[in-house]
Amino acid sequence: MRICSKSDGIGRQTKEVACPICTVHLQVQVPSSGSETIECGVCQHPFLVSSH
Ligand SMILES: [Zn+2]
């Protein structure tokens, strides 16, 4: 299955996630394994994004 994501070659990938607060969709970069805390650009709410 192909999904619309790309790798920049250093173990991170771009992923589209929805903010749990305002549900806006954001393009974020997450590590290929693990998770990353990002901040929503609309409501400024930080939330955790998992690579899985
Ligand atoms: Zn938000």
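Predicted model: local features only at pLDDT ≥ 70, side-chain atom pairs only at ≥ 80, totals over all residues.

**A hairpin and its chain**

Residues are numbered from 1 along each chain as its sequence is written.

Strand E3 (residues 35-39) and E4 run antiparallel and are joined by 5 bridges. Strands pair here if DSSP finds at least two bridges between them. Between the two strands of this hairpin lie 6 residues, and Gln44 takes a positive phi near 65°.

Now the chain. It has 0 helices and 4 strands, in the order β-β-β-β. Helices (H or I, at least four residues) and strands (E, at least two) are DSSP runs, numbered from the N terminus.

On burial: of the 52 residues, 2% count as buried, meaning 20 or more other C-beta atoms within 10 Å of the residue's own, with C-beta atoms placed from the backbone. In strand E4 (residues 46-50), the count of buried residues among its 5 is 0.

Last, confidence. Mean pLDDT, the predictor's confidence in each residue from 0 to 100, is 86 for the protein chain, and 81% of its residues reach 70 or more. Confidence is lowest in strand E1 (residues 12-18), with a mean of 90, and highest in E4, at 93.

Conventions
Buried ≥ 20, exposed ≤ 12 C-beta atoms within 10 Å, placed from the backbone.
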